Amino acid sequence: MKKSIGISPNIETLFGTRDENMRVLEDGLNVTIDLRSNAVELEGAARDVARAEQVFADYESLQRSGYAFNNGDLNSMLRVLVADPTATLRGLADAGRQRSLGRRMVQPKSVNQRRYVEAIEKHDMVFGIGPAGTGKTYLAVAMAISALLAKRVNRIILARPAVEAGERLGFLPGTLQDKIDPYLRPLYDALYDMLDPEKVDRYLEKNVIEIAPIAFMRGRTLNDSFVILDEAQNTTSEQMKMFVTRLGFNSKAVITGDVTQIDLPNARRSGLLEAIDILQRVEGLMFVHFDEADVVRHHLVQRIIRAYDEHKTHIAEQQMLLLSGGRSAEATGGGLRSTEPKNSEAKDLNSRPREAAGE
């Protein structure tokens, strides 16, 4: 099926740098898009052409309403759109408007990120679990700021376990705040990236935004708050239970972590691993899992995560082969070993008379 549609103003923004956005649509929707002198020609199956035509219509409508696409948001929206048949460009843009942070909007860059953001909106407790660079913490902080600016909550509380990543830093100098700040720096980075530094400092000074180690959470009831626990894989079972029971009225909690990067001395005691098993079927909360396809850092990060996963799978397969080989050796060698004590006993008995004679 072929379809020609008129060219709207500023169509070059939709096409993107070196037509990168059109390649996303062509690959994702299985259509061919050609720009003519006075029209855009679409070719493909009827359903795919209809979806591509809807993208152009939504783009024109958004342009007329004064919507501005910033910082590669359009490319991200198109990637989500082609991966989710129910998504539309206008729907994604409108959802981003509702999560405005003033100078920027919260715009998911993958289907799982979209599920994560929607889960935070609909549920009072959400677990975001996945590898580094998938936007777990950044999106959670962005949603917290959006809720604060919209006056849906009165404060934001950001917590993190104070655990070193594989090295011992010794005693850090300064006040208690100076000692814990290095562990909480990623949370500060996310805040300063989304808000003006002066506003962040003012919120921190007035405790509208509070950043603290998870140990400071015990005994508190958090009402009208948006609470985020980052690096949850490094909490103990006791800390995790303590944190998830702090939630008060009109509050939300987001717990983020990467179960492949546990820095506890005993990884099996991770509170996040235990929470996944215990809370999986609890009504009212949701688990969202990310993978390497959701990584929004440098493209090498995706490949590095994939390489580590493949290596881990390879090691597990080798261990299984060794275990199965060991079991088969035991099965075939068990009879031989059962006769060894008898032979050794016979040798001992035979040697005793000679030893006695020698004495």
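The predicted model contains an open sheet of three strands in the order β1-β3-β2, with antiparallel pairing (strands being DSSP runs of E of at least two residues, and helices runs of H or I of at least four, numbered from the N terminus; two strands pair if DSSP finds at least two bridges between them). Because β1 (2-6) and β2 (31-35) stand at the edges with a single partner strand each, one side of each is left without a neighbour in the sheet. On average, neighbouring strands of this sheet are turned by 20 degrees against each other, direction ignored (axes are lines fitted to C-alpha atoms, for helices over the stretch in contact, and angles run from 0 to 180 degrees between N-to-C directions). The antiparallel pairing of β2 with strand β3 (residues 39-44) extends over five bridges, and I33 stands opposite L42 in β3.

Residues are numbered from 1 along each chain as its sequence is written. As the model is predicted, local features need pLDDT of at least 70 and side-chain atom pairs count only at pLDDT 80 or more, whereas totals for chains, interfaces and linings use all residues, and side-chain values use heavy atoms, with hydrogens and water left out.

Strand β7 (residues 225-229) is largely enclosed by the rest of the structure, because five of its five residues are buried (under 20% relative accessible area, with exposed meaning over 50% and partly exposed in between; 1.4 Å probe, protein chains only). In a regular strand the side chains alternate between the two faces of the sheet. Both faces of β7 are covered, with S225, V227 and L229 on one side and F226 and I228 on the other. Strand β5 (residues 155-160) runs parallel to β7 and is joined to it by five bridges; the bridge partner of I157 in β7 is V227. Parallel pairing also links β7 to strand β8 (residues 252-257), over four bridges, and I228 has V254 as its bridge partner in β8.

Helix α6 (residues 111-122) has twelve residues and reaches 16 Å from its first C-alpha to its last, close to the 16 Å expected at 1.5 Å a residue (1.5 Å times one less than the number of residues). Buried residues of α6 include N112, R114, Y116 and I120.

A search of the whole structure finds one cavity of 30 Å³ or more (a set of points on a 1 Å grid over the protein atoms alone where a 1.4 Å probe fits but cannot get out; lining residues have an atom within 4 Å of a point). The largest cavity has a volume of about 30 Å³ (the space filled by probe spheres set on the points, which are joined across faces, edges and corners). Its lining comprises L222, V227, F243, V244, R246, L247 and A253.

Terms used
On a 1 Å grid over the protein atoms alone, a cavity is a set of points where a 1.4 Å probe fits but cannot get out, and a pocket is an open set with protein on both sides within 12 Å along at least five of seven lines; lining residues have an atom within 4 Å of a point.
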